[in-house]
Amino acid sequence: MITIIDYGHGNLYSIAQALNQIGAPAKISADPQDIAVAERIILPGVGAFGAAMRELRERRLVSPLQTAATEGKPILGICLGMQLLAERSEEFGDYQGLGLIPGNIKLLPKLSLENEKEGKGERIPNVGWRALNFAKADL
């Protein structure tokens, strides 16, 4: 059974419907016990990192998710859910994440007016696929 984590920040029913279409049994839940017995876990997410982590803490889902990862259960993070798997985020402050993936979620540098005219820099908000570049110090 796949457990889709409900912490108030995700497109839960779209994910459940997609899994249903391919015949994968799934359950939407905010119950820590469902995480404990899940074969696989999906952590969706829409919104801000800090608010999402607050909801995970208030619903007592942080420790069960960390335990599931330690036990080797597959966890798929979608959008914000993927970011929550990291150690920290700089989004609207400095927030601790689940710590399942080493690294920090960093803000893209703002596009200056001069760079925009020259076509340099990153457009914010950044939507779409991006290349990841790892420096040896990051690993």
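Mentor: Keep in mind that this is a predicted model. Let's begin with R59, which has 31% relative accessibility.

Trainee: Why is R59 called partly exposed?
Mentor: Buried means under 20% and exposed means over 50%. R59 is at 31%, so it counts as partly exposed.

Trainee: What makes the contact of R59 with E55 a salt bridge?
Mentor: The closest N and O atoms are 3.1 Å apart. The cut-off is 4 Å, so the pair qualifies. In general, side chains of opposite charge can pair when their charged atoms come close. Here there is also a network of salt bridges, linking D6, E55 and R59.

Trainee: How do you know that E71 and K73 form a salt bridge as well?
Mentor: Their closest N and O atoms are 3.9 Å apart, and the test asks for within 4 Å, so the pair passes. On accessibility, E71 counts as exposed because its 54% is over 50%. K73 is at 16%, which is under 20%, so K73 counts as buried.

Trainee: What about K27 and D34?
Mentor: Their side chains meet in a salt bridge at 3.2 Å, N to O. K27 has a relative accessible area of 37%, so it is partly exposed, while D34 is buried because its 13% is under 20%. The structure holds seven salt bridges, this one among them.

Trainee: Why is T3 called buried?
Mentor: T3 has 2% relative accessibility, and the limit is under 20%, so T3 counts as buried. T3 lies in strand β1, residues 2-5. Leaving aside neighbours within four places in sequence, its contacts include K27 and D34, along with S29, A38 and I41.

Trainee: What makes β1 and β2 a pair?
Mentor: Pairing takes at least two bridges, and β1 and β2 have four, so they pair, in the parallel sense. Within that pairing, I4 stands opposite I28 in β2.

Trainee: Which strands are the edges of the sheet, and what makes them edges?
Mentor: The open sheet has four strands in the order β2-β1-β3-β4, with parallel pairing. The edge strands are β2 (26-29) and β4 (75-77), as each pairs on one side only. Neighbouring strands of this sheet are turned by 20° against each other on average, direction ignored.

Trainee: How do you know that the buried residues of α1 are on the same side?
Mentor: In α1 (residues 12-21), L12, I15, A16 and L19 are buried. They cover an arc of only 100° around the axis, which puts them on the same side of the helix. In general, an α-helix has 3.6 residues a turn, so residues three or four places apart point the same way.

Trainee: What covers those buried residues, and what does the other face carry?
Mentor: The cover includes β1, β2 and β3 (40-43). The face of α1 turned away from the buried side carries the exposed residues Y13, S14 and Q21. Just after α1, G23 takes a positive phi of about 80°.

Trainee: How many of these elements are there?
Mentor: The protein has six helices and seven strands. Buried residues make up 30% of its 139 residues.

How values were computed
Residues are numbered from 1 along each chain as its sequence is written. This is a predicted model: local features need pLDDT of at least 70, side-chain atom pairs count only at pLDDT 80 or more; totals for chains, interfaces and linings use all residues. Side-chain values use heavy atoms; hydrogens and water are left out. Buried means under 20% relative accessible area, exposed over 50%, partly exposed in between (1.4 Å probe, protein chains only). Contact means heavy atoms within 4.5 Å. Axes are lines fitted to C-alpha atoms, for helices over the stretch in contact, and angles run from 0 to 180 degrees between N-to-C directions. The arc is that of the directions from the helix axis to the C-beta atoms.
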